[in-house]
Amino acid sequence: MTTKAYIKDYPRPQFVRENWLNLNGEWSFRFDDLNVGEAEKWQETFEGTHKITVPFTYETKASGIGLEEFHPRVWYDRAVAVPREAEGKRAILHFQAVDYAAKVWVNGTMAGSHQGGYAAFSFDITPYLAFGADNRITVKAEDSDSCAQPRGKQRWTRDNFECFYVQTTGIWQTVWLEYVEEERLDAVKMTPDVDRNTIRFDYQVHGAEAGRELRLEAIVTLKGKPVKRVSLAVDRPSLTVAVDLTHESNGPWKRSLWSPQRPNLYDVEFVLYADGRVADRVFSYFGMRKVSIENGQVLLNNVPIYQRLILDQGYWTDTHLTPPSEEALIEDIDKMLEMGYNGVRKHMKIEDERFLYWCDVKGLLVWSEMAATFEFNDRAIEAFSKEWLEIVLQQYNHPSIVTWVPFNESWGIQNVLRDKRQQKFTEGIYHLTKSIDPHRPVITNDGWEHTVSDILTLHNYVETGEGFERQYKSKEAIVSNETGCNQWKFAFAEGYEYRGQPIMITEYGGIAYQSDKGWGYGRQVASGEEFLKRFEGLTRSIKSKEYICGYCYTQLTDVQQEINGLLTEDRKPKIPLEKIREINLA
C-alpha cells in the first residue's frame with residue numbers, strides 16, 4: 001500500500017508535484033585536479049573527457065567510470081530541453097545530494113552554490129533559461145580530504161582502513177527539474193499532536209507579498225475517506241494552523257495512529273489559489289504518532305516500546321552510498337522486518353528520502369544520524385551545525401524518524417570526556433535540534449561519554465552473553481561511571497550524570513564469519529551454528545536486563561572490508577532470516 005500521490009522514483013515523496021523532469025542519466029564529465037576549470041571558463045564551453053551516469057559517483061562501477069582514487073574537483077554538464085509552454089513559470093532545479101560543495105551554472109551564468117554533502121538544495125534558474133530551446137546545466141563539485149568536513153564513513157586517506165570506505169565525490173542522488181508558478185508553496189512543517197487529535201501545519205508560501213488574493217486549502221483523507229478540509233486566507237509568507245482531526249470517518253481511535261504494527265498514514269493535498277485560480281497543488285502525508293520518555297522508558301503513542309534496531313550503513317557493491325534503485329531500498333527494509341527488527345539506526349549517513357518514505361509506509365522506526373567530522377575546530381563546528389540543521393528540517397515530517405543522533409562515539413569531539421568546549425558544542429547542537437523539534441529524543445553522544453542526552457545509549461562488543469552479564473550486572477555501576485560501559489569508555493562525560501534516562505545497547509555483536517578478506521568484532525566464527533549460538537547468547541542477555549529497553553545489532557550488510565553483516569554486501573543472507581527473527585522475538 002502506498003500514499004495517494006506516490007510516484008515511483010520521485011525524489012521527494014513527502015512534497016509531491018505531478019509534473020517533474022528527472023535529470024539522471026548520461027552527463028559529460030571531467031576531472032579538474034589542478035583547479036583550472038573556472039579560470040578557463042569550462043562553465044561557458046565544456047569539453048568532457050568522460051561520460052558519467054548520474055547519480056552514481058565516478059568511484060562506482062555504476063557510473064561507467066569506476067576509478068576509486070581521490071580527485072578533489074569534478075565537473076558535469078548536460079543539455080536540458082526547456083519547452084516553450086513553460087515560459088511564464090518558474091523553473092526550479094533540485095539536487096538531492098552533492099558531496100561536498102557545489103557550484104551550478106545555467107548557460108554559463110552562475111545560478112547558485114551549496115555546501116554540504118548530505119542535504120538537498122534547490123535553485124530558481126528561470127532568469128538564465130532560453131525557453132523553447134536546449135539549455136546547458138554545468139556543475140562543479142569540490143570535495144576534500146579534510147576531517148573538518150562532515151564525511152561519516154568516507155575515508156580521508158588513499159586506501160580503506162578499519163571501518164572507513166571509498167569516498168563519495170560529486171552528485172550522488174537525483175537531479176531533477178520542476179516548473180511552478182510565482183505563487184507557490186515552498187514548504188510545510190507538519191507536527192502531530194496525538195493527545196489532542198490535531199495536526200499543526202506551518203506553511204511557507206512564496207509570493208504572499210505580491211498583492212494577489214491568496215487562499216490555501218488543505219484536504220486530509222485517511223485510506224481514501226475524507227477527514228477534514230481547511231481553507232484560509234494567506235496574507236503573509238508563513239503561517240500556522242492547527243487542524244482538529246476528530247471526524248466520524250476517522251474510525252476507531254486506535255486505528256488512526258502510526259506505529260510499526262499499524263503504520264496508518266493520512267494523505268493531505270495542499271492547494272494554493274491566487275485570485276481564484278489554482279496556482280499550486282502539492283501532495284503529502286503525515287502520521288499521527290507521539291514519541292515521549294517517562295520513567296526510564298521510550299513511549300510510542302503513550303505506550304512503552306521495546307526497540308529492536310539494526311545498524312545499517314546503506315552501501316552497495318556497485319553504487320556505494322547511492323541506492324541502485326528504489327526496489328533496492330524496499331528490499332533492505334523488507335529484510336529487516338523479516339528478521340524481526342522494528343527499527344533501523346541509519347549509521348553515519350543521511351539516506352535517500354525514498355528510504356524514509358518506505359519506512360513510513362511499512363512501519364519501520366528510524367534513528368537518523370549525522371555524518372561525523374573527525375576534527376574539532378571552528379571550521380568543523382560551522383560546517384557540522386549548518387548542515388545538521390538543514391537535515392533536521394528536511395526530514396522533520398517523516399513519522400518513522402523517532403530519534404535524532406547528531407554525534408556517535410565521540411567522533412569529531414574526541415576529547416569530550418573532559419574538554420569543556422567540546423561539551424558545550426554537543427549541548428548547543430542538542431538545544432538547537434530541540435528548538436526545531438522538541439518532540440523527538442536527541443542523543444549526544446551515542447555509545448559513551450554522553451553530555452546532555454535524552455537516552456543513555458551504550459556500545460559494547462563483548463563476545464559472549466556471559467561476558468555481557470558480567471559487565472552489565474549492576475546498572476548503578478554503569479550509570480555512575482564506577483565501571484565502564486565497555487573496556488575503554490564510560491557512560492558519561494565528566495560533569496554530567498545519569499538523570500533517569502532510558503538505557504539502550506545501540507551497538508553490539510558485529511559477528512563475522514572466518515575470512516582473511518575482512519574483519520568483524522572479536523573472534524570470527526566458522527559456522528552458522530557457531531554464529532547463532534553467539535548471536536542468541538548476546539541478544540538474550542541484553543533482553544534479560546530489565547533496565548535496558550532496546551538494542552541495535554551491528555549490522556545489516558557487509559560493507560567493503562567490514563564483513564560482519566547478517567547479509568552479504570549483495571544482500572544474500574548468511575543465516576536463515578527466520579532464525580534471526582525467532583531470537584529477536586523470543
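**Cavities, pockets and helix packing in the predicted model**

The structure is a predicted model, in which local features need pLDDT of at least 70 and side-chain atom pairs count only at pLDDT 80 or more, whereas totals for chains, interfaces and linings use all residues. Residues are numbered from 1 along each chain as its sequence is written, and side-chain values use heavy atoms, with hydrogens and water left out.

By this rule, four cavities of 30 Å³ or more are counted. Lining residues, defined as those with an atom within 4 Å of a point, are for the largest cavity Gln96, Tyr118, Ala120, Gln173, Ile350, Glu351, Glu353, Leu356, Ile391, Gln394 and Gln395. Helix 2 and helix 3 (378-395) each supply at least two residues of this lining, and helix 3 gives the most, with three residues; helices (H or I, at least four residues) and strands (E, at least two) are DSSP runs numbered from the N terminus. The lining of the largest cavity divides into five nonpolar, four polar and two charged residues, with Ala, Val, Leu, Ile, Met, Phe, Trp, Tyr, Cys and Pro counted as nonpolar, Asp, Glu, Lys and Arg as charged, and the others, Gly among them, as polar.

The second largest cavity has a volume of about 80 Å³, and of the 14 residues that line it, Lys4, Asp267, Val268, Phe283 and Ser284 are the closest to its centre. Two or more residues of this lining come from each of strand 15 (214-222), strand 18 (266-274) and strand 19 (277-286).

Pockets, by contrast, are open sets of points with protein on both sides within 12 Å along at least five of seven lines. The largest pocket has a volume of about 930 Å³, and among its 31 lining residues the closest to its centre are Arg12, Phe15, Asp186, Ala187 and Gln394. Strand 13 (184-193) is one of the elements that supply at least two residues of this lining, and strand 13 provides the largest share, six residues. In the lining of the largest pocket there are 14 nonpolar, seven polar and ten charged residues.

Helix packing was examined for two pairs. The axes of helix 1 (residues 326-338) and helix 2 (residues 353-362) come within 9 Å and cross at roughly 40°, where axes are lines fitted to C-alpha atoms, for helices over the stretch in contact, and angles run from 0 to 180 degrees between N-to-C directions. Helix 1 is therefore oblique to helix 2, given that angles under 35 degrees count as roughly parallel, over 145 as roughly antiparallel, 65 to 115 as roughly perpendicular and the rest as oblique. The contact, defined by heavy atoms within 4.5 Å, involves residues including Leu329, Ile333 and Leu337 of helix 1 and Phe355 and Trp358 of helix 2. By class, this contact has eight nonpolar, no polar and four charged residues.

Helix 3 and helix 4 (residues 420-436) pack at an angle of about 20°, with their axes 10 Å apart, and are therefore roughly parallel to each other.

Key: 1 Å grid on protein atoms, 1.4 Å probe; cavity = no way out; pocket = protein on both sides within 12 Å on 5 of 7 lines; lining within 4 Å. Points joined across faces, edges and corners; volume = space filled by probe spheres on them.
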